[in-house]
Amino acid sequence: MSTIELRGLTKAFGDLMAVKSIDLTVAAGEVVCLLGPSGCGKTTTLRMIAGLEQETEGEIRIGGARVNRLTPAERNVAMVFQFYALYPTLTVRENLAYPLHADRLDAGAIEAHVRRVSGLLHLDAVLNQRPGQLAEGEKQRVAVGRAIVRDPNCFLFDEPLSRLDVQLREEMRSQIKEVLEGLNKATVIVTHDQLEALTMADRIAVMRNGVIEQCASPHDIFAKPANLFVAGFIGTPQMNLLPAVLIGSDDCGVRQGAVTSSARFRIGEGTVQLAVDPAVGRLAPESSVTLGIRPRGLELVAEPQPDSLAARIDLIEPMGAETLLHLVDGRLEFRIVVDRRTEARMGERVNLRFRPGQTHVFDASEQRLAS
Amino acid sequence: MAVTASGVRTRGGFLALSWSNWPLALVAALIVIVLAIWLLPGSVAFWISLAAAALVAFSAVAFAYGRRNNGALLVAPAVALLVVMNIFPLLWSLGLSFFRYKANSIQPPVWLGINNFATVLNNADVWDRLRTTGLIMILTVSCQLIVGFLLALLFEKQFRGRRVLLMLVLTPMMLSYVAVGAFFRYYYEPTFGLLSQFIRMFTGEHFLLLNTPWGARAGIVFADAWMWSPFVMLLVLAGLVSVPSYLYEAAEIDRASWWRKFRTITFPYIRGLLLLALLFRTIEAFKLFDVVFLLNEGGPGTSNETIALYIYRQSFQYNKTSYSTALAYIMLFVVVVLTNLYLYAVNRRAREVV
Amino acid sequence: MAARVVSRNVRQARPGWAALATIVSFIYFFPVLWIILTAFKTYNDALAVPPKWLFTPTLDNFVSVFSRAMTYQGAAVDTGFDLFFFNSIFIAMTSVAVALVIGTVAAYGFSRYPLKGNETYLFIILTTRMLPPIVVIIPIFIMFREVGLSGTYLGVILLYTAFNLPFTIWMMKSFFDELSREVEDAARMDGSSEVKVFFKVCLPQVIPGLAATAVFGLILTWNEYLFALLLTGVETRTVPVAMGQTIGGAIGVRWGLLAAIETLFLIPVVSVTFLLQNQLLRGVTFGTVKR
């Protein structure tokens, strides 16, 4: 059974707590992404699973067995390094074959495995070259190949796509996803690129300052962020996070198939009436909150409405099929994504409507209010 | 500022009479020097030769400068000094080696052509010394490589006090040859030397090291290897330390054995440096003089007289100046070949640094 | 190739490794240690059988370095060793400094204005370093005598500078080659003259190279014997030569005295090396290995 379990895993470098007692379970065949900004502890966590760092406290189980005291070799894990770590003096073929020597296979079996992997990753053309002669994308594939050529307990990827350019990244994302699906082993991927995480992961663990802020499926992370940090981190362009004050909430009703309640908020100079999660009702009036709405959750309307605010266009950023508008109203800033055919002029005053049911409300402790 | 690459051929070919035709100047200088030594009294010959060398230097600079090459100005002082201190004496020596010249006699030099070289190469003594030198060379360089490598392994990783201990191991390199020669003779001394006393604890007898050819050889090799193994250590250490740690981590994950890790990761990084060490120390061992002389004067007798020591004796004790100069030139030739190899290795190393 | 900069490249050793390293280092250091101990011993102690580990230390030898009797039962006379130490320091420092200046400038020239035969020229320069001293010793000796440089500071310093030049040029050239031209180009576009570019942009970046060259050059010139023997006079004698003379005295080898001289002589070069230890590593590899 290839599973990974982390219980109370902690790592301190002197006074610095890099990882603070995290719990995580990765099921067999599941791909979990550790996502977060630099310094959040994701790479340290990965290295602890691999055995390259010694944990300060906590337990690591791979395949059900406690591996805290085992060396990386004994844990039988495969890892793809951020810098690929290809053996520079060996050919690609020898690089791919390297991990198999420990299994004491005969030359024929080794060759068969190497061929299988190189066919899978389209490396046949470069088998006899050295890493120094390869392109960036090829190097990355060799690094992945070296990991999948064997039969380890689990796979660990450290920022696998960070060194590739945008186009290559797209290619490799889908390729890796395909490969991983075929393997059916617990996999942990560390990345700071949310697109990577959203595409490749079965579950995403968003980390900040050594703590897992939220661990959920990509859809849930996107649609139901647990707190302000996750909401602001996931999704491009970034979610609008607007400081507001709750004026009052009305009773619940069913709108658009969901139970919502209607609440009024004071934002800046204006007020809006929005359909929000019923949990908002628990807050006392005049509570400070933060409203979160994604740029695509706003729309431009001709006339002011109860659930719209006015603002002035400050910057227009064409994004190809869509356009990103930056708007300003007093000290509030908004971002809205509109179709590229929409007419917009700098300095123009427009009305922004909050699309129904798309607003998240975060309380003063940054947690999303949800029932 | 354009950088122009200048070729060796001067305009107008080899015989063109211009200031920047330095190949012509070089050949002319050589001829003038030889003639001067032959025909003119010593002092005058010297000044004429110096003038000839200065001409060569000047034309070389003019050659570079003539192409409006700023680099020449930057390079000129260094080149000038090197020419005066090295090239000129070399030319002088070369000129001298074609004559029979004794430094202490007032007889004018006698032209011998290549006779000197022939005499040298036919002399059994010379070959004997070369054999001795070769033997000592092989022994001491092998020891240095092995010990240096082991020491490097010792200091590869970080531990408390590494800096201080490294310093301790480096001190042998910094001792003066005089001190090393004298003190190792002291250590090897049969009555009160440490080595003899140590062995006397087991055998009860005085131990004489330096009175047999092989014993003296061992003494020389030990002292020289002890002095210079730290140098090899530094080179190998530089290589060991330059290996990126993620390669080792990857090998750990790949469950490679210790030997595999060494063979595929460590060794390629130090291979180039070991070669550098090998060549550098070989060249130095070939020139070995100080330790041999100060330890036992190449004894017993002349059994351990290295080629450098032999030359030294021939020219300063027996005053066979030009004979020894000829031999020295042959030695130089060998060193040039070795240096060529060294240079090749350095270039390859610079290119292959992974 | 992937990034060269990797943090924590030097890994931690197993516990107990320090102990092993200490033992091996001290064994290796032992002959040097014995020399230092001998410096503090009386004549009889130095020759004691069995060797004395515990003894009453004396500073007599150190005093004798500078002032002792030259003949048996003669009066103590100033030996002139203070002059010799000064000479060694002065000559070594000056020649290293001059070589550094001239050589760095030349290296810059070789690096930035490469000639077609660059490799050949550099090879020749390297060969001069590898020369067996025997080949040039006679002409140089005669040359110095003729020109009147024999026994002068200038003569020896010129020669030692020529010794240090090849190595300096090689080292510094490799450093200059490594520099990125972009910063220089930016400075040129800002209107800096070539000279300013050299001093303000290039030079500060190669300071480790300067240090490495200085350390290595110092070690080489400090202990030089043969040329010093022939080319220094009474006033300009260096310590190694003086040491050689002390051995050949009619009194026989005074081990304690010799040890004291060597111990004192070690101090400057060891100090410099200790301070610039890291640079030494680069120096030894002629700049081909980066840390």
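## Before you start

This is a predicted model, in which local features need pLDDT of at least 70 and side-chain atom pairs count only at pLDDT 80 or more, while totals for chains, interfaces and linings use all residues. Residues are numbered from 1 along each chain as its sequence is written, and chains are lettered from A and ligands numbered from 1 in the order in which they are written.

## A sheet in chain A

Let us look at an open sheet of six strands in chain A, with the order E6-E7-E8-E3-E9-E10 and mixed pairing. Strands E6 (77–80) and E10 (211–216) of chain A stand at the edges with a single partner strand each, so one side of each has no neighbour in the sheet. On average, neighbouring strands are turned by 20 degrees against each other, direction ignored. Strands here are DSSP runs of E with at least two residues, helices are runs of H or I with at least four, and both are numbered from the N terminus. Two strands pair if DSSP finds at least two bridges between them.

Within this chain, E3(A) (residues 31–35) and E8(A) (residues 186–191) run parallel and are joined by five bridges. Val31(A) stands opposite Thr187(A) in E8(A). Helix H5 (residues 136–148) of chain A lies across E6(A) and strand E7 (154–158) of chain A, at about 175 degrees to E6(A). Angles run from 0 to 180 degrees between N-to-C directions, and axes are lines fitted to C-alpha atoms, for helices over the stretch in contact.

## Where chain B meets chain A

Here 14 residues of chain B are in contact with 19 residues of chain A, contact meaning C-beta atoms, placed from the backbone, within 7 Å. Helix H10 (245–253) of chain B gives the most to chain B's side, with six residues. That side has eight nonpolar, one polar and five charged residues. Ala, Val, Leu, Ile, Met, Phe, Trp, Tyr, Cys and Pro count as nonpolar, Asp, Glu, Lys and Arg as charged, and the others, Gly among them, as polar.

Asp254(B) sits in the loop between H10 and H11 of chain B. Not counting residues up to four places away in sequence, Asp254(B) touches Tyr98(A), Pro99(A) and Ala102(A). Asp254(B) is buried, with 26 other C-beta atoms within 10 Å. A residue is buried if 20 or more other C-beta atoms, placed from the backbone, lie within 10 Å of its own, exposed if 12 or fewer, and partly exposed in between.

## Helices of chain C

Chain C holds 14 helices and two strands, and 44% of its 291 residues are buried. Seven of the nine residues of helix H12 (residues 239–247) of chain C are buried, so H12(C) is largely enclosed by the rest of the structure. The buried residues of H12(C) pack against helix H7 (177–188) of chain B, and against H4 (81–112), H11 (226–231) and H13 (255–275) of chain C.

Helix H1 (residues 17–39) of chain C packs with H13(C) at an angle of about 115 degrees, their axes 7 Å apart. By class, this contact has six nonpolar, three polar and one charged residues.

Technical notes:
Two residues are in contact if their C-beta atoms, placed from the backbone, lie within 7 Å.
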